[in-house]
Amino acid sequence: MPREDSIIQERYDLTIERIASILQEHTVSEPFGDYFAKTASFLFMLHQADIRWERSLEEWQEWNRQLYEDILPENYGSSYGNPAYAVEQLGEVHGRILSFLYTELRGIIVYKYEGRLEDITVLHELFIEIYNCFEEEELPSYREIQQIIYWHISDYSDLTVSRRIREAVDPSLDFAAKIVLEEDLTDLRYLYKYGEYITQNELRMAEHLNSLPQETIKRMADTYTEGYRMGFVLGNKDLSKKKTVNIRYAVGFERMIRAAVENFYKMGLKPVIYRSAAASVNRRGQSRVGYFGAIPNKQYDYDHRADAAVYLDKPFVERKLGVMRAAYEEYKELAYVHAGPACVETFGEAPFIPENKPESYRFSEKQQQLQVSLDNESARITNRYIKGEERSFTIIAFPVPEIGSDFSEIFDEIVKINTLDYSLYRRIQQTLIDTLDKGKAVHILGCGENHTDLTVQLHKLEHPSKETNFENCVADVNIPVGEVFTSPVLKGTEGVLEVGRVYLNELCYENFHMEFKDGMVTEYTCGNFESEEENRRYIRENVLHHHDTLPMGEFAIGTNTTAYAAARKYDIAGCLPILIAEKMGPHFAVGDTCYSWAEDTAVYNPDGKEIIARDNEISILRKTDIGKAYLGCHTDITIPYEELGKIEVICSDGTRIPVIENGRFVLEGTEELNVPLEREGVV
């Protein structure tokens with residue numbers, strides 16, 4: 001054993017001895033004794049855990065339940081992972097921060113499976129140090145505990161942040177890749193090898209994929225990987241220079257992912273597969289980036305979305321950015337040959353409307369500004385080593401069994417939608433673009449209770465025979481087919497955007513309302529909560545990502561009426577991911593443009609015209625002050641066809657050309673898009 005490993009093993013053994021002794025001690029007064037005893041018991045259980053393959057499927061299921069049962073919804077009311085319960089039991093001074101500690105320690109579950117002894121050891125040491133404080137005659141202050149945690153997170157960012165960056169580019173970290181490529185996928189025990197929470201949803205998903213003919217699996221994988229390849233072709237980017245691809249997926253999709261890896265190998269790309277972050281220092285809100293199993297409790301994730309408030313200050317931001325720079329420099333050769341992410345999203349899970357708990361951590365106004373600054377600079381560092389103009393991505397989505405009794409039919413329908421004839425859509429969408437390019441602006445009007453009234457300004461085409469404003473988007477980076485999009489001119493883009501109900505990043509918004517002036521968000525609210533303050537905070541945190549305002553980075557018209565008709569037929573419109581939903585009506589993205597970090601790379605439509613609308617008044621600031629040019633977010637908001645009264649092109653001479661009226665495509669040459677809608681009685 002190398003000396004460094006032996007030292008870590010010695011440290012680990014000492015922590016286990018101490019944790020074992022905590023279980024026998026009664027040196028901490030109540031109510032804190034119960035907290036430390038339960039937490040120590042959990043840590044010791046993980047230490048003793050036998051995760052060898054010999055267990056039966058039923059034994060694996062029971063063990064998996066034990067790992068996650070404390071934070072499941074039915075038990076969450078009495079869990080220290082619940083900040084409300086922790087504050088109730090442990091008091092306002094200590095409850096919230098000890099709930100943070102408990103949540104951080106739960107990351108040991110996945111470190112155990114990956115054999116990451118050092119990560120486990122340092123968390124054990126943190127737990128013991130804080131426990132020792134409570135053994136003193138006088139209870140520690142909040143500040144004392146906070147400082148212990150602060151310096152732990154800061155000091156060990158060399159371990160946690162550096163590891164996260166390496167995970168993103170190094171194919172030798174192949175824990176998950178080995179499961180995908182080497183396990184017997186017909187033996188569903190393989191699902192439990194990740195250490196993720198596994199439910200009937202994941203089991204049924206794996207069973208369903210196992211039941212499909214290889215031809216269907218190949219078609220799914222081919223669509224996914226070919227979309228990735230075409231992203232490079234259409235973006236005029238050289239894929240031959242790249243050696244790795246980041247694959248993101250939900251546990252249960254391994255059979256498709258295995259076929260996709262084989263396709264990527266043929267492109268010269270090795271898989272980089274990493275888990276969604278466990279440590280708060282690497283998380284961003286409640287979003288999960290990487291592979292993941294079932295989410296045990298979405299409210300638990302939401303309650304801890306701002307846990308970084310415990311330690312987020314200017315010195316910490318500088319420390320984390322410094323570690324990022326050093327790590328990227330260390331792994332720069334791997335970063336330079338990384339091609340970008342290929343994502344498999346899922347939908348159909350039960351809708352989630354969160355509860356805002358006052359006991360949860362929230363960023364102060366100053367911390368919100370720091371988080372924005374951290375996100376922006378992190379993106380700049382990443383782009384320096386994984387260059388935006390040289391990388392691409394693709395995203396595809398499939399339903400999961402939780403969607404309901406029609407799962408098999410819906411799954412088959414989505415496979416068909418993902419593999420629609422792109423040549424048909426390319427032709428129809430070109431007809432749309434030819435008309436849109438005649439305009440100086442586009443006017444969008446809602447109908448019924450939807451009061452949308454927006455005017456979107458377009459770039460002036462100096463050479464219309466060679467230039468266009470809109471990208472003809474077929475099934476490449478964004479699967480399925482079905483949209484034309486542009487980066488609007490901000491000045492003069494103004495009005496009201498409304499949607500009756502919309503799901504953004506897995507969160508539901510009722511009666512979503514946003515206003516724009518010169519392309520910038522000026523007002524926003526929704527109807528989720530009784531308090532207007534809470535409604536605004538909800539949008540500010542999860543749509544504006546703590547920015548005071550955001551520009552309209554994209555305007556698009558979705559054309560995939562086949563997807564829309566299927567959504568109506570199976571009553572699944574409310575649970576579709578934005579990837580599909582954005583193809584089912586006009587949508588507007590707040591944040592960066594679709595061309596962020598790659599604006600100077602010329603992009604052409606199939607007709608040979610260059611798409612010149614790659615910048616707006618914010619992104620162009622990269623020429624003078626790059627820190628003001630990028631926002632680090634891009635959220636699409638779609639108006640469904642039935643809430644749409646009109647889309648019309650406004651020409652320079654004042655004439656108006658209707659494109660959609662009362663949810664129907666009326667432009668000559670686009671009428672075929674109405675057929676699926678008429679078949680399902682939508683319009």
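Two strands pair if DSSP finds at least two bridges between them. Strands (E, at least two residues) and helices (H or I, at least four) are DSSP runs, numbered from the N terminus. The model shown here is predicted: local features need pLDDT of at least 70, side-chain atom pairs count only at pLDDT 80 or more, and totals for chains, interfaces and linings use all residues. Residues are numbered from 1 along each chain as its sequence is written, and side-chain values use heavy atoms, with hydrogens and water left out.

**View 1. A parallel sheet of four strands.**
The strands form an open sheet in the order β2-β1-β3-β4, and they pair in parallel. β2 (270-272) and β4 (394-399) are the edge strands, each pairing on one side only. On average, neighbouring strands of this sheet are turned by 25 degrees against each other, direction ignored. Axes are lines fitted to C-alpha atoms, for helices over the stretch in contact, and angles run from 0 to 180 degrees between N-to-C directions. Three bridges join strand β1 (residues 244-248) to β2 in the parallel sense. Within this pairing, N246 stands opposite V272 in β2. Helix α17 packs on the sheet and touches β3 (338-347) and β4. The direction of α17 makes about 155 degrees with that of β4. Contact here means heavy atoms within 4.5 Å.

Strands of a sheet pair through backbone hydrogen bonds, either parallel or antiparallel. This open sheet has antiparallel pairing, in the order β12-β11-β10-β6-β5-β17-β18-β19. β12 (520-525) and β19 stand at the edges with a single partner strand each, so one side of each is left without a neighbour in the sheet. Strands β17 (residues 644-651) and β18 (residues 656-661) run antiparallel and are joined by five bridges. K646 has E661 in β18 as its bridge partner.

Helix α12 (residues 254-266) has 13 residues. From its first C-alpha to its last, α12 reaches 19 Å, close to the expected 18 Å. The expected span is 1.5 Å times one less than the number of residues. Which residues of α12 are buried? They are E254, R255, M256, I257, A259, A260, V261, N263 and F264. Buried means under 20% relative accessible area, exposed over 50%, and partly exposed in between (1.4 Å probe, protein chains only). G268 follows α12 and has a positive phi, near 85 degrees.

Seven of the nine residues of helix α20 (residues 561-569) are buried, so the helix is largely enclosed by the rest of the structure. The buried residues are T561, T562, A563, Y564, A565, A566 and A567. What covers them includes α17 (407-418), α18 (422-436), α21 (578-581), β19 (664-665) and α22 (674-679). Just after α20, D571 takes a positive phi of about 55 degrees.

**View 2. Salt bridges.**
A salt bridge is a side-chain nitrogen of Lys or Arg within 4 Å of a carboxyl oxygen of Asp or Glu. By this rule the count is 43. One of them joins the side chains of E114 and R163 (3.6 Å, N to O). This pair links distant parts of the chain, with E114 in helix α5 (residues 108-114) and R163 in helix α8 (residues 157-167), 49 residues apart. R163 is partly exposed, at 23% relative accessibility. E114 and R163 also belong to a network of salt bridges with R116, D119, R164, E167, E196 and R275.

In another salt bridge, the closest N and O atoms of D301 and R288 are 2.9 Å apart. D301 lies in helix α13 (residues 298-303) and R288 in the loop between β2 and α13, so the pair ties together parts that are 13 residues apart in sequence. D301 is buried at 15% relative accessibility, whereas R288 is partly exposed at 27%.

**View 3. Cysteines without disulfides.**
A disulfide is a pair of cysteine sulfur atoms within 2.5 Å. How many disulfides does the structure hold? It holds zero. The sulfur of C508 is 9.0 Å from the closest cysteine sulfur, in C526, which is too far for a bond. C508 is buried, with a relative accessible area of 1%. C633 is in no disulfide either, and the nearest cysteine sulfur, that of C594, is 13 Å away. C633 is buried, with a relative accessible area of 6%.
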